[in-house]
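Please walk me through this fold, one question at a time.

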Amino acid sequence: MRIRPVGAHALLLDCTAPADTPEAVADVPEAALVEAWRAELWRRRERGDLIAVEIVPAARTVLLDGLPDPTTTAEQLTRWAAAVTAATTRSNQADAHADADAQDQDHNATAEDEADDAAGVLVPVTFDGPDLPAVAEHWGVDVPAVRHRLTSTRFRVAFCGFAPGFPYLTGLPAELALPRLATPRPRVPAGSVALAGPYAGIYPGASPGGWLLVGRTDLVLFDVAADPPTRLGPGTTVRMVAA
């Protein structure tokens with residue numbers, strides 16, 4: 001983790017791994033480290049340990065803006081870094097073992113699953129996207145297996161971007177990362193559920209887009225009259241269910 005000053009009152013946490021990073025840490029996905037820092041910084045702010053107007057996660061960075069004393073904050077971040085990285089490494093190793101044990105197996109919902117669902121958001125999806133066959137081909141499975149993978153994955157919103165309320169969802173294994181379309185579509189319908197790179201995403205409104213479309217949902221993701229206006233904010237647990 002590197003800390004970069006941005007202007008007079010902001011810092012940027014760069015979560016990309018340097019070349020000399022130890023192997024155990026380098027294996028941690030950048031999105032997982034970003035999420036760990038986001039959660040820790042929100043927790044520290046709520047406790048009063050951190051003063052920041054904005055904490056904005058992205059794919060590989062976390063921006064802290066509105067800092068009264070960036071130098072002091074940078075010193076705090078340096079003190080917290082070892083604990084955050086160690087906790088993320090342990091979590092990543094535990095997830096890897098759990099994924100290996102559960103691979104290609106069906107499981108009934110557990111109390112933990114139900115608790116996650118209660119704390120997160122269920123997204124009803126009609127899996128009829130035009131790119132389902134292409135995703136199945138990339139993954140070396142059939143279309144029903146793609147649907148099963150998506151509905152059995154616990155997603156988490158890593159950050160929002162591209163358009164207001166557009167959630168970047170982590171949870172898929174890194175080896176299932178997908179390429180974007182060579183030529184983006186001029187118009188992707190609102191509610192489209194899509195995949196690109198290591199992420200799943202949902203288009204909150206109609207817009208151009210180059211992600212692979214696997215389905216659609218009627219869930220409203222962005223409403224300027226709502227509080228908060230974004231339905232799926234960073235840190236939110238998400239499960240897709242067949243509509």
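Q: Which residue in β4 does Asp 14 stand opposite?
A: This is a predicted model, where local features need pLDDT of at least 70, side-chain atom pairs count only at pLDDT 80 or more, and totals for chains, interfaces and linings use all residues. Residues are numbered from 1 along each chain as its sequence is written, and side-chain values use heavy atoms, with hydrogens and water left out. Strands β2 (residues 10-14) and β4 (residues 61-65) pair in the antiparallel sense over five bridges; two strands pair if DSSP finds at least two bridges between them. Asp 14 stands opposite Thr 61.

Q: What is the bridge partner of Glu 54 in β4?
A: Strand β3 (residues 54-57) runs antiparallel to β4, and four bridges join them. A hairpin of three residues links β3 to β4. In β4, Glu 54 has as its bridge partner Asp 65.

Q: What is the order of the open sheet of four strands?
A: Strands here are DSSP runs of E with at least two residues, helices are runs of H or I with at least four, and both are numbered from the N terminus. Five bridges join β1 to β2 in the antiparallel sense, and Ile 3 stands opposite Leu 13 in β2. The edge strands are β1 (2-6) and β3, each pairing on one side only. With antiparallel pairing, the order is β1-β2-β4-β3.

Q: At about what angle to β3 does α2 run?
A: Helix α2 lies across β2, β3 and β4, with contact meaning heavy atoms within 4.5 Å. Axes are lines fitted to C-alpha atoms, for helices over the stretch in contact, and angles run from 0 to 180 degrees between N-to-C directions. Relative to β3, α2 runs at about 165°.

Q: What span does α2 reach from its first C-alpha to its last?
A: Helix α2 covers residues 30-47, which is 18 residues. The expected span is 1.5 Å times one less than the number of residues, and α2 comes close to the 26 Å expected. Its reach is 26 Å.

Q: Which residues of α2 are buried?
A: Buried means under 20% relative accessible area, exposed over 50%, and partly exposed in between, using a 1.4 Å probe and protein chains only. An α-helix has 3.6 residues a turn, so residues three or four places apart point the same way. The buried residues of α2 are Ala 31, Leu 33, Val 34, Glu 35, Trp 37, Arg 38, Glu 40, Leu 41 and Arg 44.

Q: Is Phe 162 buried or exposed?
A: Phe 162 lies in the loop between β6 (155-160) and β7 (167-170). Its phi is near 70°, a positive value in a residue other than glycine. Most residues other than glycine have a negative phi. With a relative accessible area of 51%, Phe 162 is exposed.

Q: Which peptide bond is cis, with omega near 0°?
A: Most peptide bonds are trans. Look in the loop between β12 (212-216) and β13 (237-242), where Pro 228 is found. The cis bond runs from Asp 227 to Pro 228.

Q: Which are the edge strands of the open sheet of seven strands?
A: The order is β5-β13-β6-β7-β10-β9-β12, and the pairing is mixed. Inside the sheet, β6 and β7 pair in the antiparallel sense over four bridges. Each edge strand pairs on one side only: they are β5 (121-125) and β12.

Q: At about what angle do α5 and α6 pack?
A: Helices α5 (residues 132-139) and α6 (residues 143-152) have axes 8 Å apart. Angles of 65 to 115 degrees count as roughly perpendicular, under 35 as roughly parallel, over 145 as roughly antiparallel and the rest as oblique. So α5 is roughly perpendicular to α6. The packing angle is about 85°.

Q: Which residues does Val 141 touch, not counting residues up to four places away in sequence?
A: Val 141 lies in the loop between α5 and α6. Val 141 is partly exposed, with a relative accessible area of 36%. Both its partners also take part in the contact of α5 with α6. They are Ala 136 and Val 146.
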